[in-house]
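Biologist: I am new to reading protein models. Could you walk me through one, feature by feature?

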Amino acid sequence: MALLWLQTQLTTPINLNHRRQTKTFTGSQRSIFWRGTLVAEPHGLICTHSSSLSFANSSPKARECVRRPLVTCNAQAAPAATNLAPGTPVRSTSILVVGATGTLGRQIVRRALDEGYDVRCLVRPRPAPADFLRDWGATVVNADLSKPETIPATLVGIHTVIDCATGRPEEPIKTVDWEGKVALVQCAKAMGIQKFVFFSIHNCDKHPEVPLMEIKYCTENFLKELGINHIIIRLCGFMQGLIGQYAVPILEDKSVWGTDAPTRIAYMDTQDIARLTFIALRNEKITGKLLTFAGPRAWTTQEVITLCERLAGQDANVTTVPVSILRVTRQLTRFFEWTNDVADRLAFSEVLTSDIVFSVPMAETYSLLGVDSSDIVTLEKYLQDYFTNILKKLKDLKAQSKQTDIYF
């Protein structure tokens, strides 16, 4: 009965109220931004997001900006959740990984299986099934955060939810990362999930102009206000993402795209992130805390490219895109409804316009988790291992090709 009730509740979409707001910007205030606030209400939480602006006139001294419809997301707990009858106790080793096929999600799954957890993976229905997860020993269930009615069944018998999911590039950010996550957290609370691990972004509270970062911050607050046992882990960047962005193009003599931004990012190996996550999960003193994981050193884009060039033994064909171009592109895409999602993702260019360092001192976190800092993989070691392995394979393939030529 409880499951049927939840499915009925979750088929009702989150209430979206649209309003219009007019504001005049003059001088240096003429900027396009995206903001959101999360406030407590008697019947739940409201995360109010305002998206793009369009100019109503072109006066050089003053421009009246008409804000596009505000989206008010009313996120609240299931009202009868506390009255649900207790069910069969679940094992503390039963976990659900959301976003299991992603860069971080698959490392979470592998680590959980290696440590003896019973792993269930929430995966969207897809043409190419996620057979590798089954091959590893995980159970795969089909569901979609953009379809809340599919969520409750995936949580039956689950003790802990680990949320690694994010929307696809072609999707509106709000669909999965806000509306879908609200539905997931509501359902977890209603079904008595014991712990919820949420991966967020470092400094998300300081950049309301970036939609994804603001949504992450709103979700953090939603978890806290809802009262579910949780751990929030903010991340700076993945080392794995640098392979496709820099390493592979350099080896294939293709263009490497970068910016002239001075931003520094402390990339971390997702295997280390997964290991630290499960250490934190087993430590009851960390429940309810916010942790930030950062790599040993923060790197600029140019420093990463230089390191890849040295390890690959060849120069990169670098195409530099000025951050100013990204900012102008974002402003232009804000004028059209059908390019709003592109503009939201280009919002990261706003973060890259100053000398920001995405890193934090990790000594206190290592001490809390009982981890030796020397066990954390550095970017130099990670990329060196990659290039050593890939260059060896290329050399072997070349040798085999020559032997085949001689044979024929």
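Modeller: Let us begin with a helix. In helix 6 (residues 241–251), the buried residues are Leu242, Ile243, Tyr246, Ala247, Pro249, Ile250 and Leu251. Keep in mind that this is a predicted model.

Biologist: How should I read the spacing of residues in a helix?

Modeller: Start with the general idea. An α-helix has 3.6 residues a turn, so residues three or four places apart point the same way. Now look again at the list for helix 6: Leu242, Tyr246 and Ile250 are among its buried residues.

Biologist: Let us turn to strands. Which way do the side chains of strand 9 point?

Modeller: The general idea comes before the case. In a regular strand the side chains alternate between the two faces of the sheet. Strand 9 covers residues 160–163. Thr160 and Ile162 point one way, and Val161 and Asp163 point the other way. All four are buried.

Biologist: Which strands pair with strand 9?

Modeller: Strand 6 (residues 94–98) runs parallel to strand 9, and four bridges join them. Here Ile95 stands opposite Thr160. Strand 10 (residues 195–201) also pairs with strand 9 in the parallel sense, over four bridges. In that pairing Ile162 has Val197 as its bridge partner.

Biologist: What kind of unit do strand 9, helix 4 and strand 10 make?

Modeller: They make a β-α-β unit, and it is right-handed. Helix 4 covers residues 173–190.

Biologist: Where is Leu281 found?

Modeller: Leu281 is in helix 7 (residues 270–282). Leu281 is buried too, with a relative accessible area of 8%. Leu281 and Lys195 are 86 residues apart along the chain, yet their C-alpha atoms are separated by 8.6 Å. The contacts of Leu281 also include Tyr117, Thr160, Ile162 and Val197.

Biologist: How do I read a nonpolar core?

Modeller: In soluble globular proteins, nonpolar side chains tend to be buried together. Here the largest nonpolar core has 99 residues. Phe199 and Phe293 have the most contacts inside it. Helix 4 gives this core its largest share, nine residues.

Biologist: Which residues does Phe199 touch?

Modeller: Among them are Leu104, Ile108, Ile162, Ile233, Leu235 and Ile273. Thr365 sits in helix 12 (residues 363–369). Thr365 is buried, at 12% relative accessible area.

Biologist: How many aromatic pairs does the structure hold?

Modeller: The structure holds four aromatic pairs. One of them is Phe132 with Trp136, edge-to-face, at 5.1 Å centre to centre and 75 degrees between the planes.

Biologist: Why are Phe132 and Trp136 separated by about one helical turn?

Modeller: Because they are four residues apart in helix 3 (residues 131–136). Phe132 is partly exposed, at 25% relative accessible area. Trp136 is partly exposed as well, at 33%. Tyr386 and Phe387 form another edge-to-face pair, with 5.4 Å between centres and 80 degrees between planes. Phe387 counts as buried, at 1% relative accessibility.

Biologist: Which residue lies over the face of Trp136?

Modeller: Arg110 does, at 5.0 Å from the ring centre. Look also at Trp299. The charged end of Arg297 sits over its ring, 3.7 Å from the centre.

Definitions and conventions
Residues numbered from 1 in each chain as written. Predicted model: local features only at pLDDT ≥ 70, side-chain atom pairs only at ≥ 80, totals over all residues. Heavy atoms only, no water. Buried < 20%, exposed > 50% of the residue type's maximum accessible area, 1.4 Å probe, protein only. Helix = DSSP H or I, 4+ residues; strand = E, 2+ residues; numbered from the N terminus. Pairing = 2+ DSSP bridges. Right-handed = clockwise from strand over helix to strand, strands pointing away. Core = buried A, V, L, I, M, F, W, Y, C linked by side-chain atoms within 4.5 Å. Contact = heavy atoms within 4.5 Å. Phe/Tyr/Trp six-rings, centres within 6.5 Å; stacked < 30°, edge-to-face > 60°. Lys NZ or Arg CZ within 6 Å of the ring centre and 35° of its normal.
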